[in-house]
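Welcome, and please take a first look at the structure shown just below.

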Amino acid sequence: METSTETVNACIPSIVDPSLPLIDSYTYHSPAPSAPGPYILGVDEAGRGPVLGPLVYGVAYCPVAYKEDLEKLGFADSKTLTAQIRSSLLETLGSDPPNLGWSVRVLSPKAISAGMLRRPPVNLNQQSQNATVLLIREVLARGIQLSEVYVDALGKTGPYEAYLSSLFPDLSFTVTAKADQKFKIVGAASVAAKVTRDAWIEGWIYEEHADAPSMELASQFFPDSNEDKRTQWAEQMGSGYPSDPKTQAWIRDSMEPTFGYPSLARFSWATIKVVLEKDAHRVAWIDDGQASLMNAFQSAKGPDKDRCAVTKDLGLRSVTML
């Protein structure tokens, strides 16, 4: 039987299947509008700062000729709206298919962590830019004739605007702080992103719970592991922001010393790293063959200086002339 959260999330088009865990990043597109262009498009995100859950980038778009109608629909910075109003506005985004379209790019916490912890790292700014560029490209690929793009951004916006303009020279870009307050189309994108992220957080399905055999095996080898914690991960996680007391309590109480945190957490965040360094079991990676392998390729001393053991054993010598 579905829970109330699953029932609500099933009504949100960008949550394709609320019964499945979010493992990989994905993109959702509403039906493409059919009204003639040119179109304006707004870009905004939800979940950049949290230590828990996905980062969602949203875009909304409509014909330039629809601007006056858009002004009357009530879109604004999603953070200033109640959850009920945001949900109603998302329905509004889908209420006029010939004129209104929207898309989201959902970056899973696992993908965010993998990008930031790889070598070389892909930092959050780069991942955000990649999501924005992907959404714009895919909207264009759907046959939407874009002319103006408005992007909400933090920090120095000039270089970012120049970067986007170099990728899409036929489009006019406006990249500015608080764009969701200045342009209704960005407010619409903000609503799409925020409602999608909130739905994932409120109805989070732990992929670790789905892996029951692995958990049973782990309990055999680690009998002291706190099973009760693993079954209560979803309770009282708060907003996911490090400053949220409920999130702080979740981080404190949900850490399993051997296995750390579930994939809901962004392991690349300092908040998580500090707790793991302080309270988790330390791991020593031991490879019995590593030391002998390194010694084999170390340079020798004395008469055999500059020759490693491998070259000596194989009788290899430098060739200066053929």
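An open sheet of 6 strands, with mixed pairing, runs in the order S1-S4-S3-S2-S5-S6. Strands pair here if DSSP finds at least two bridges between them; helices (H or I, at least four residues) and strands (E, at least two) are DSSP runs, numbered from the N terminus. Strand S1 (26–29) and strand S6 (172–176) form the edges, each pairing on one side only. From one strand to the next, the twist averages 15°.

Before going further, a word on the model: it is predicted, so local features need pLDDT of at least 70 and side-chain atom pairs count only at pLDDT 80 or more, while totals for chains, interfaces and linings use all residues. Residues are numbered from 1 along each chain as its sequence is written, and side-chain values use heavy atoms, with hydrogens and water left out.

Now to strand S5 (residues 146–152), which runs parallel to S6 and is joined to S6 by 5 bridges. S2 and S5 also run parallel, and 5 bridges join them.

| Residue | Opposite residue | Strand of the opposite residue |
|---|---|---|
| Glutamate 148 | Serine 172 | S6 |

Is S5 mostly covered or mostly open? S5 is mostly covered, with 5 of its 7 residues buried; buried means under 20% relative accessible area, exposed over 50%, and partly exposed in between (1.4 Å probe, protein chains only).

Helix H6 (residues 157–167) touches S5 and S6, and its direction makes about 155° with that of S6. Axes are lines fitted to C-alpha atoms, for helices over the stretch in contact, and angles run from 0 to 180 degrees between N-to-C directions. Helix H8 (residues 184–202) touches S1, strand S2 (39–46), strand S3 (55–63), strand S4 (101–107) and S5, and the direction of H8 makes about 35° with that of S2.

Next comes the largest pocket, with about 640 Å³ of space. A pocket is an open set of points on a 1 Å grid over the protein atoms alone, where a 1.4 Å probe fits, with protein on both sides within 12 Å along at least five of seven lines; lining residues have an atom within 4 Å of a point. Of the 29 residues lining the largest pocket, Glu45, Arg48, Asp152, Ala153 and Leu154 lie nearest its centre. S2, helix H5 (124–141), H6, helix H7 (179–182) and H8 each give two or more residues to the lining. H5 provides the largest share, 4 residues.

Finally, two residues in loops. Where does serine 30 sit? Serine 30 is in the loop between S1 and S2, and is buried, with a relative accessible area of 4%. Leaving aside neighbours within four places in sequence, serine 30 is in contact (heavy atoms within 4.5 Å) with Tyr61, Gly101, Trp102 and Arg142.

Alanine 280 is found in the loop between helix H13 (270–279) and helix H14 (290–296). This alanine 280 is buried too, at a relative accessible area of 15%. Leaving aside neighbours within four places in sequence, alanine 280 is in contact with Met255, Pro257 and Val275. The C-alpha atoms of alanine 280 and methionine 255 are separated by 7.8 Å, although the two are 25 residues apart along the chain.

Note on methods: Grid points are joined across faces, edges and corners, and a volume is the space filled by probe spheres set on the points.
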